[in-house]
Amino acid sequence: MYDLRCESVIKRFGNFTAVNGVSFGVPAGSFFSILGPSGCGKTTLMRMIAGFEHPDAGDILLKENSVLNLAPNKRNVKMVFQHLALFPMMNVGENIAYGLRCRGDAKAGIGEKVRAVLDRVGLPGVEDKQISQLSGGQKQRIAIARCMVLEPDVLLLDEPLGALDLKLREHMKIELKQLQHQFETTFLYITHDQSEALVMSDNVAVMNAGRFEQIGPPRELYDNPVSGFVAGFVGDTNRWEGRIDRLVDGTARVALNGGGSVLAKTGANSLREASAVEVFVRPEAVAIGRGNDGATLSGRVDSLLFNGANSRILVRTETGKLVEVADTSGATGFNEGDPIDIHWHADRALCFARDAA
Amino acid sequence: MRSDTGKLSLILLMAPFALWIVLLIALPQFGIGYVSLREKVGPGEYELGFANYTAFLGEPIYWNTLLRTAWMSILVTFLALVVGFPVAYYIAKIARKRARAGLFLLCLIPLWVSDLVRAFGWIVLLRETGIVSSSLQWMGVISGPVELLYNDITVIIGLVYTVVLFMIVPLVSTLDGMDDAMLEAGYNLGGSRFTVFRRIIVPYAMPGLVAGCIITFMLTAGSYLTPILLGGKNSSWFTEQIYNQFITRYNWEAGATFGVLLLAFTSLVVWVGLRLTGQSLATTVAKE
Ligand SMILES: Nc1ncnc2c1ncn2[C@@H]1O[C@H](COP(=O)(O)OP(=O)(O)O)[C@@H](O)[C@H]1O
Ligand SMILES: [Mg+2]
């Protein structure tokens, strides 16, 4: 059962196609993210779901009913705007009651509902505060409460954490996920920040230039990307350009531009010998020391980037490439300038056809 | 020492402004106030007292004119709001960014022509032998010439035309600051067009709306040329009474009294208006 489904949705602005044949389904009660660089059409897609733009082709279904002919105020999807769009001339209680009053709820019940939803977002008793008196994180929660009090089929969130500082953003990530569990409502979350998408979502769609490149659980996107774009956009990765020398059983030997060659698994696509490719290797797939199967590189430690469990060693290979290597223990005892060998298993490197660009 | 120099520079900075306020606004008002309190007891002999004010109250035609002026000014303000709001909304929210400056300029064009010339423009259009009357005859809508001047409706139309700009400008500048996302949030949460207008747009525009209303009301109540030229003898506008006292009758005491009363009465109307709409000067005009 899908709470929200889009079928081949297309939206053009003049000659420019902002959303180009997007199809997906969001299962009831799940947290679905759309991840893509800025300008790829995420907001446009969300505005079509909310009813502020009309798709040029395709269909949008809520609880399996097409909503294309419903006005925005008749659709049971609520939206948390990028800059929240709380009403500054109303206090917190009135902001939350606005939707209930529009719906025609009995006056008597409204106060009780407002109180209950404020309790659930962890801000009891702030009804009489002005919006300007709230902190960034509190405003966020009020914006969510204002939508959730209406019990929507789907809650849309458009980069709601973008305006917060880093610390608060990390905190709100976890909190949003908890709120979603607590309300058991379907969330459709838009972001350009891959870590937000990976941490919170049940499913992520990676969007690029108006199209969905891949839809799947975070782990699948991370481990089995279907395109160079997904491999490069989701998670940290090393990326080099090269050309396939030899291709045996889906494993290619790639001659890198600028010298050196490595082994890599070909992504699920029609690569042939001599194809121009990009090779992707995750920092944690790179091991220190000599390996027994071909993909060993020698070089020197260029710099040590300490970041707790996320520490990295930057290795400059003999051919001059920089390789990011995960240094999980942070205590390998290397110093800058030391000679170092690195290797990886051919299965952990992926190559994809290079874009024409 | 530092704060002393700070104070000194503040005083120097404020001095021209203070002088301007004192010399051009405060002193003349005090002068008028003083003159209005002089009673003429004999040729060249004066006493201080309220005789001029009691004379005003004793003559219904005076205070009826004042009431009529206030009431017509309120009507003009209301009409200017009704006409100006959609225009301001269009300029601020619907027109494309590039068209905005042009539209705004179009609104300002009438200001480039003096009040007097504009009023004569209306006269050219509306008099018995004017363009409107002769076109209507030519089209056969009416058989003889009609006089469209010298009635209240014409005066009101002329006044709305003169002041509507001062309603539009503050409204545009407040509406301009309104984020479109706020309107969309209003619809998204289930609001109809009317709800969004009443509960989001109007409250948001309130500062500009109140400022515009105060300016248009004061300008209308204090206007002279438009009501006199378009309304003629029947206009019974209070400024005409003031003019008559000062110039025709050479009764400066009565003229000054009327001036003070006009200021006091229009201020009172503004104050009542603010109270009735639950606004205050601090939350509207002085905001931002
Ligand atoms: N109303 C519009 N008219 C013309 N172009 C638009 C309009 N809205 C968005 N676009 C264009 O569509 C593209 C996608 O925009 P958007 O959906 O806001 O991207 P994102 O939210 O992913 O950053 C952008 O290149 C933007 O310039
Ligand atoms: Mg966006």
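Chain A of this predicted model carries 39 positive and 43 negative side chains. Lys and Arg count as positive, Asp and Glu as negative; His and the chain ends are left out. The centres of the two sets lie 4 Å apart, with each charge placed at NZ of Lys, CZ of Arg, CG of Asp or CD of Glu.

The C-alpha trace of chain A spans about 75 × 45 × 35 Å along its principal axes. Its secondary structure comprises 8 helices and 20 strands. These are DSSP runs, numbered from the N terminus: H or I of at least four residues for helices, E of at least two for strands. Of the 357 residues in chain A, 50% are buried (under 20% relative accessible area; exposed is over 50%, partly exposed in between; 1.4 Å probe, protein chains only).

Now chain B. Helix 2 covers residues 51–58, and N52(B), Y53(B) and F56(B) are buried there. Down the helix axis these buried residues fall within an arc of 100°, so they line one face. The arc is taken from the directions from the axis to the C-beta atoms. The face turned away carries the exposed T54(B), L57(B) and G58(B).

The two chains meet. In chain B, 17 residues contact 22 residues of chain A (heavy atoms within 4.5 Å). About 1,700 Å² is buried between them, 63% of it from carbon and sulfur atoms. N188(B), L189(B) and R199(B) supply 45% of the area that chain B buries against chain A, more than any other three residues. Buried area is the accessible area (1.4 Å probe) that two parts lose on being put together, summed over both.

Residues are numbered from 1 along each chain as its sequence is written, and chains are lettered from A and ligands numbered from 1 in the order in which they are written. Local features need pLDDT of at least 70, side-chain atom pairs count only at pLDDT 80 or more, and totals for chains, interfaces and linings use all residues, while side-chain values use heavy atoms, without hydrogens or water.
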